[in-house]
Amino acid sequence: MTHSFKTSALALISTAILAVPAFSDTVTLRLSTPATDTDQRTIALAEVFAPAVGAFATYEPHYNSSLIAQGSELEAIASGDLEMSITSAQELAQFFPEFSIFTAGYVHQDAAHQVAVFDDALMAPFKQKVEDELGVKLLSVMYLGRRHVNLRQCPGELTVRTPADLAGVNLRMPGSEAWQFLGRALGANPTPMAFTEVYTALQTGSVDGQDNPLPTVVDAKFYEVTCQIALTSHLVDLNYIAFSKAVWDGLTAEQQATLQHAADAAAESARQAQLQKENDLVAFLEEQGLNIYEPDVASFREAVQAAYLSSDFAATWPEGVLDKVNALGK
Ligand code: KDO
């Protein structure tokens, strides 16, 4: 190495060291999500989380997967290209199969049960593994809602009573094995597809339907291009606020406490807003012409639970965890 090269290399290194934010600097927190800016979770992060951490962090949200594709956010955080995401147990299960316990249909009972599970000691080894092996901290649990089957066909053409009625139905599910499994367990023919492509796929008929909670059906305007919702409640779905451990470790203990509190407050605010919307939106959707009805939920529960219990997923669930999760419910 020539003298001049060494000198310029050293200069580059010292510039890089100087560029590392000191505790007193403001750190930029980029969040990437497939969700819109009108989703209750992103509203709460912008209105509750961002101002609470404003003294030391600048929150920079990117909606509609405009920064990172759905499902690649955790890798982006791990490699330092992103600071935050609203991740799912299904995405985590791609790295850590035991997270599939939180993706299984009819396991979580409601929003309060999700919080009890997330805060319980049973969750500690799950969180620790994600932190140690992926460099991602799971700060808080967010409520997405009860997922139902939402189809283009009207009940005259197809009425959903039991899983057998979904045979041959092309149901869009998000793109990972845990989601495809759920689609098959419901009796459907699952098609993997990114969230941002679903509206057009429903509009053009390249899929027959999709599954999401009512607030998402409204927020993403899926009701404009579908005819019915069978209230299967097959998954009381959650997301986690995922945060870069490298950034977390660069914060002071006081900043960490503020940030943790801000994440919890945003999750709680979003949970209440989402629950309210789930209650209110049936009437709105019916006004839009959608047919909303209850299928034989017991037959869905039985089929879905049986599929999970005999699956390779269940074999990865740590001994006794399902019983502990069930014990935290009603
Ligand atoms: C979806 O793709 O259907 C899904 O509901 C999956 C969730 O885990 C989550 O990624 C969600 O999309 C997005 O936040 C958009 O609401």
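**Ligand site and domain arrangement**

The C-alpha centres of domain 1 and domain 2 lie 28 Å apart. The model is predicted: local features require pLDDT of at least 70 and side-chain atom pairs count only at pLDDT 80 or more, while totals for chains, interfaces and linings use all residues. Residues are numbered from 1 along each chain as its sequence is written, and side-chain values use heavy atoms, with hydrogens and water left out.

**Domains**
- The protein is assigned domain 1 (3-144 + 237-279) and domain 2 (147-235 + 284-314), with bounds from an automatic or database domain assignment.
- Contact (heavy atoms within 4.5 Å) joins 19 residues of domain 1 to 26 residues of domain 2.

**Ligand shell**
- The ligand is surrounded by 13 residues, each with a heavy atom within 4 Å of the ligand; the closest are Arg41, Gln70, Arg147, Arg172 and Asn212.
- Each of domain 1 and domain 2 supplies at least three residues to this shell.
- Five nonpolar, four polar and four charged residues make up the shell; Ala, Val, Leu, Ile, Met, Phe, Trp, Tyr, Cys and Pro count as nonpolar, Asp, Glu, Lys and Arg as charged, and the others, Gly among them, as polar.

**Ligand oxygen distances and burial**
- An N or O atom in the side chain of Asn212 is 2.7 Å from a ligand oxygen atom.
- For the side chain of Gln70, the corresponding distance to an oxygen atom of the ligand is 2.9 Å.
- The protein buries 99% of the 370 Å² that the ligand exposes when taken alone (Shrake-Rupley method, 1.4 Å probe).

Methods. Polar contact = N/O pair within 3.5 Å; in protein donor to acceptor, adjacent residues only side chain to side chain.
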